[in-house]
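Trainee: Hi! I've just opened a new structure and could use a guide. Could you walk me through it?

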Amino acid sequence: MFRLSAQSTRKAVQRVAVQARYQSTSTAAASSMTAKNVTLAAAGVATVGALAYASMESVDANMAADGLHAPVYPWDHKKNLATFDHAAIRRGYQVYKEVCAACHSLDRIAWRNLIGVSHTEAEVKAMAEEHEYTDGPNDVGDMFERPGKPSDYMPRPYANEEQARAGNMGAFPPDLSLMIKARHGGADYVFSLLTGYQDPPAGVEIREGLNFNPYFPGGAIGMARVLYDGLLEYDDGTPATTSQMAKDVTIFLSWAAEPEMDERKKMGMKALTMLAVLTGLSVYLKRHKWAGIKTRKILYNPPAPKKH
């Protein structure tokens, strides 16, 4: 009797233990599922919030605010295997000298940078000597004027910013050395700006002293149109149309912003050629060294059992 009572008690205890273990497992699984659901919900809320923030970013549909986007032109010097058109650089310098240099500086370009690019050494020396540079002090401590040398940088049209603004109705003509890199669109923007002058459309008023150009941010630019057909005569006889002069001076400014581009492309071609040769040599040596190892067949011959 007592034996049956003990057995029933032991079975009841085991039954309670199994129920407790099942309950704890179910609770842990439920808590794990709850944590996973909370994590997924938080990730979903974060994603929705990010998308909502991105959609709330202000978008200005008025093209006059940032200027009309310049079209993309097929510039030859942007191709991987092409260099600058050096004849165009020479013509572009002529446009800069006779038109742009009256207001805009080119501080980062020295006369010697033109040697072998657009002009000969004798031509550069003659052009530099046309300008006077302040140098010194001399033996008695005085500054003096001397003719320019190829090592001198191109002179500025104005001595300082105040003088430049006074001569341009308050507008400050920027330096053109890095203009191609400084403006969104680069060469496309400069060419479009130079050829994009037009009368303002109906309903658009331009303040006196400004000019309408849809490619300029705001549409009103202080610089007037400066390029007209036949404005100058090229030394090589190329017709000096507005688009031709704009193209040439844009290529010249592209070179001024990256005068090392041709050399960089040549160095890149040399590097790619060397890498191709070394890659082929490496593949050949690797196959030569590893062919015997990778095709080797290894067999295991266990020793014969000894006879007793």
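Mentor: Happy to; we'll go from the overall layout to some individual residues. Keep in mind that this is a predicted model.

Trainee: Okay, how many helices and strands does the protein have?

Mentor: There are 9 helices and 4 strands. Starting at the N terminus, the order is α-α-α-α-β-β-α-α-α-β-β-α-α.

Trainee: And what share of the residues is buried?

Mentor: Of the 308 residues in the protein, 26% are buried.

Trainee: Let's pick a helix. How many residues of H8 are buried?

Mentor: In H8, 14 of the 16 residues are buried, so the helix is mostly covered.

Trainee: What span should H8 have, and what does the model give?

Mentor: H8 covers residues 242-257, and at 1.5 Å a residue its 16 residues should span 22 Å. The C-alpha atoms at its ends are 22 Å apart, which agrees.

Trainee: New topic: rings. How many aromatic pairs are there?

Mentor: A search of the whole structure turns up 6 aromatic pairs. Take Trp75 and Phe191: their ring centres are 6.0 Å apart and their planes lie at 80 degrees, so this pair is edge-to-face. The pair links distant parts of the chain, 116 residues apart, with Trp75 in the loop between H2 and H3 and Phe191 in helix H7.

Trainee: Are those two buried or exposed?

Mentor: Trp75 counts as buried because its relative accessibility is 8%. Phe191 is buried too, with a relative accessible area of 12%; the cut-off for buried is under 20%.

Trainee: Which residues form an aromatic cluster?

Mentor: Tyr93, Tyr96, Phe252 and Trp255 form one. Another ring to look at is that of Tyr234: Arg91 lies over its face, 5.8 Å from the ring centre.

Trainee: What about the surface? Which residues form a nonpolar patch there?

Mentor: Leu81, Met269, Leu272 and Leu275 do, and together they have about 450 Å² of accessible area. Leu81 sits in the loop between helix H2 and helix H3, and it counts as exposed because its relative accessibility is 74%.

How values were computed:
Residues are numbered from 1 along each chain as its sequence is written. This is a predicted model: local features need pLDDT of at least 70, side-chain atom pairs count only at pLDDT 80 or more; totals for chains, interfaces and linings use all residues. Side-chain values use heavy atoms; hydrogens and water are left out. Helices (H or I, at least four residues) and strands (E, at least two) are DSSP runs, numbered from the N terminus. The expected span of a helix is 1.5 Å times one less than its number of residues. Buried means under 20% relative accessible area, exposed over 50%, partly exposed in between (1.4 Å probe, protein chains only). Patches are made of residues with over 30% relative accessible area and no salt bridge: like charges are joined within 9 Å, nonpolar side chains (Val, Leu, Ile, Met, Phe, Trp, Tyr) within 5 Å. Accessible areas come from the Shrake-Rupley method with a 1.4 Å probe; for residues, only the protein chains shown count as cover. A salt bridge is a side-chain nitrogen of Lys or Arg within 4 Å of a carboxyl oxygen of Asp or Glu. Rings of Phe, Tyr and Trp (its six-membered ring) pair if their centres lie within 6.5 Å; planes under 30 degrees apart count as stacked, over 60 as edge-to-face and the rest as tilted. A charge sits over a ring if NZ of Lys or CZ of Arg is within 6 Å of the ring centre and within 35 degrees of the ring normal.
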